[in-house]
Amino acid sequence: MHEALVSYLYNEATAEESRRVESHIAECRACAEEMAAFERVRGMLQQWQLDDMPIVRVVASPPRRSALAVLKELFSITPLWAKALGAMAMAMLVLAVMGTEISVGRDGFSMRADLLRRNQPAQAVSAGDTRIADNAMSSVNVEQVRADLRAYVNDLILASERQQKEELNAQLVSLESQLQNMHAADLAKLATRIQEHQARLKTIERDIDRREGSDLTDILFSDVLSKPDARSNVLAEKGSD
Amino acid sequence: MKRMEGLSSDRWRDSELELSDTQIIERTLGGEPDAFNMLVRRWERQIYGLTLRMLGRDDEAKDATQETFLSAYRNLSKFRGEAKFSSWIYRIALNICNTKLRGRAKQVVSLDEQREESGFEIAADLEELGSNIQQEQVARHVRRALQGLPAEMRQVIIMKEYEGLKFSEIAEILGIPLSTVKTRMYTGLAELRKRLEHLRTAV
């Protein structure tokens, strides 16, 4: 009986079980009380609702990032001026290590690595330009070097800005085309779905047409007519009317 | 009777616009590991609800929910599709809860922790105090009463009452006969009646 009672309580009882439980409850006061009490317990259980739901995210497969990728990302979020400064610092460092000679001549500002010069000493001398070794640079030249350096840095900044703009533009274009592709795919999906629905609607319409075609009484009494007893009742009622 | 979560959401899951659980699993196994997050989003509420009511502690429930989905992900290839995914993941969650409960039984719990474990914190927000206070109080008693039940009764009641599962589904998840499920439900309700009857006037 307990099992049937529980099934009945949760609307899972079969018709047979329901009849059994109902007739039992009608006679057995203890069970009737128990059912009422269980209903109350269920009401109380429902008072405990949860409002704080955690957001669980299982990172399915954390992408392993290489050191290069991390560096790239770091570089991409670094402000422009920092990039320029960094580039300059790097350049200076490299130049210093290589023992570079900075020279200013008629043909403009030029730098030459000691390494290269040592490899090609004859060429450097034979060029015969007005190269001035950095340790012997005059104060006038220092000013000029500064001005040139400033111009050089400005050029660098401009170039990198331009490059970034170009990259951004390229990214935008590719994003746009991706979006368009997605839209197209979505539209195609929607179109097929609409077609499906239209087809379904048509069949439903056809069904309705067929029904309208048939006699109204056929539909109204289709259930009744199948049962001879009920039919006679209906006929009897009709007769009395 | 209000049902806040559970399998009653079958209808939307089966709608054309949604992938079925099995389809998502196929995608995940077919080299789209991110697809699994769809399953997580779909089932995290239920799993969290189940684990919280089984364990009675929010932090443990969150851990158990995480562990459940991780375990499901790791063992996804073992899911054969004979049972519903929901049954499978409920079973994983219950196993994790039971392990935690067994571990807890071995621990010496301090009095403070016991007190913390036994109920809600008192509502600090004054606005909540009006009509909510009664519900909060009842909920606190319910929580305590449920925690006092043996785990095998508690899990049946939780799955029936809060997850809205059918008795046959619960039997499948627990791997026990249908009649045993119903008997546990009956005994559990009778036990809760004893523990909660004094609140009768409050509801």
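**Salt bridges, helices and a surface patch**

Q: Which side chain meets B:Asp21 in a salt bridge?
A: That of B:Arg42, at 2.8 Å from N to O. The pair links distant parts of the chain, 21 residues apart: B:Asp21 is in helix H2 (residues 21–29) of chain B and B:Arg42 in helix H3 (residues 36–55) of chain B. A salt bridge here is a side-chain nitrogen of Lys or Arg within 4 Å of a carboxyl oxygen of Asp or Glu. Helices (H or I, at least four residues) and strands (E, at least two) are DSSP runs, numbered from the N terminus.

Q: What kind of model is it, and how are residues numbered?
A: This is a predicted model, where local features need pLDDT of at least 70 and side-chain atom pairs count only at pLDDT 80 or more, while totals for chains, interfaces and linings use all residues. Residues are numbered from 1 along each chain as its sequence is written, chains are lettered from A and ligands numbered from 1 in the order in which they are written, and side-chain values use heavy atoms, leaving out hydrogens and water.

Q: Back to that pair. Are B:Asp21 and B:Arg42 buried or exposed?
A: Both are buried. Buried means under 20% relative accessible area, exposed over 50%, and partly exposed in between (1.4 Å probe, protein chains only).

Q: How many salt bridges does the whole structure have?
A: A search over all chains finds 15.

Q: What does B:Lys160 form a salt bridge with?
A: With A:Glu12, and the closest N and O atoms are 2.4 Å apart. This pair crosses between chains, from helix H8 (residues 151–161) of chain B to the loop between helix H1 (2–9) and helix H2 (15–27) of chain A. B:Lys160 is buried, because its relative accessible area is 5%. A:Glu12 is at 23%, so this residue counts as partly exposed.

Q: And which side chain meets B:Glu67?
A: B:Lys100, in a salt bridge of 3.1 Å, N to O. B:Glu67 sits in helix H4 of chain B and B:Lys100 in helix H5 (residues 85–106) of chain B, so the bridge ties together parts 33 residues apart in sequence. There is also a network: salt bridges with shared partners join A:Arg40, B:Arg193 and B:Glu197.

Q: New topic. How many helices and strands are in chain B?
A: Ten helices and zero strands. Of its 203 residues, 43% are buried.

Q: How many residues has helix H4 of chain B?
A: It has 17 (residues 58–74), and reaches 24 Å from first C-alpha to last, close to the 24 Å expected at 1.5 Å a residue. The expected span is 1.5 Å times one less than the number of residues.

Q: Which residues of H4(B) are buried?
A: B:Glu60, B:Ala61, B:Ala64, B:Thr65, B:Thr68, B:Phe69 and B:Ala72. They cover an arc of only 165° around the axis, so they are on the same side of H4(B). The arc is that of the directions from the helix axis to the C-beta atoms.

Q: Which residues of H2(A) are buried?
A: A:Glu17, A:Ser18 and A:Val21.

Q: What do the buried residues of H2(A) pack against?
A: H1 of chain A.

Definitions and conventions: Contact means heavy atoms within 4.5 Å.
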